[in-house]
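Let's walk through this chain together, from the overall picture down to single side chains. Have the model open beside you as you read.

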Amino acid sequence: MQVREPYEGSSVLTARRTLLFLLFCVLWSITAARAGDPALLKFKIKDQFDRVYTERSWDTQVIIVLGADRKGNKFSSPWGKALSDSLARSGERRRATLIGLADLRGVPFFLKGLVRSKFPEDKKRWVLLDWKGRFPKAYNFVPGRCNILVFGERRTLTLHAAVDEVETQQMSRILATIRAEITRREPESPFK
């Protein structure tokens, strides 16, 4: 009985296929990571007063989300006030909406009422309560920081800044992005 030796080229071919497959996986994962959808995600989230908001709740040109977890919350109010005051002074506040968002993933269901009661009772100071962490997951929030997301007229993400203390240089960069989105206009269609 004669034993046949395996074809030498088969091990080389298998190694090449494995290498190509691994290369494909690496390239696909890099592409998938870069191709994150920059659009404002579709959502339905309540505030602390049980009012429901969706991505269509605001008709202003620019949406600015200030989102933070428990540790980053201390930075949200100063940034919100600084941005609001700066936009109000220049008359641009009416063309932008500032939205506070609390990253509450991980809060046990039996503590939700207690956590909700810790938010402001003033109905003008509402905050979206993101119990599932949809925004932090979709936009890769940095824990312990205030994450500022700027969405332009077409509801595409134009800026994500993870900030702590209000700083002039960061403020200038964020305001420049907001103002660029406020002044950006789509060309009028001649076919209207």
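The chain exposes about 13200 Å², and carbon and sulfur atoms supply 55% of that area; accessible areas come from the Shrake-Rupley method with a 1.4 Å probe, and for residues only the protein chains shown count as cover. Please keep in mind that this is a predicted model, in which local features need pLDDT of at least 70 and side-chain atom pairs count only at pLDDT 80 or more, while totals for chains, interfaces and linings use all residues. Residues are numbered from 1 along each chain as its sequence is written, and side-chain values use heavy atoms, with hydrogens and water left out.

Now for the layout. The secondary structure comes to five helices and seven strands, where helices (H or I, at least four residues) and strands (E, at least two) are DSSP runs numbered from the N terminus. Starting at the N terminus, their order is α-β-β-β-α-β-α-β-α-β-β-α. Of the 192 residues, 35% are buried; buried means under 20% relative accessible area, exposed over 50%, and partly exposed in between (1.4 Å probe, protein chains only).

Turn next to helix α5, residues 168-183. Its 16 residues reach 22 Å from first C-alpha to last, close to the 22 Å expected at 1.5 Å a residue (the expected span is 1.5 Å times one less than the number of residues). Buried here are Gln170, Met171, Ile174, Leu175, Thr177, Ile178, Glu181 and Ile182. They cover an arc of only 155 degrees around the axis, so they sit on the same side of α5; the arc is that of the directions from the helix axis to the C-beta atoms. An α-helix has 3.6 residues a turn, so residues three or four places apart point the same way. The face turned away from the buried side of α5 carries the exposed residues Thr168, Gln169 and Thr183.

What do the buried residues of α5 pack against? Their partners are β3 (62-68), α2 (73-89), β4, β6 (146-151) and β7 (157-163), with contact meaning heavy atoms within 4.5 Å. Glu181 deserves a look: at 5% relative accessibility, this residue counts as buried. Leaving aside neighbours within four places in sequence, Glu181 touches Gln61, Val62, Gly152, Glu153 and Thr158.

Just after α2, Gly91 takes a positive phi of about 80 degrees.
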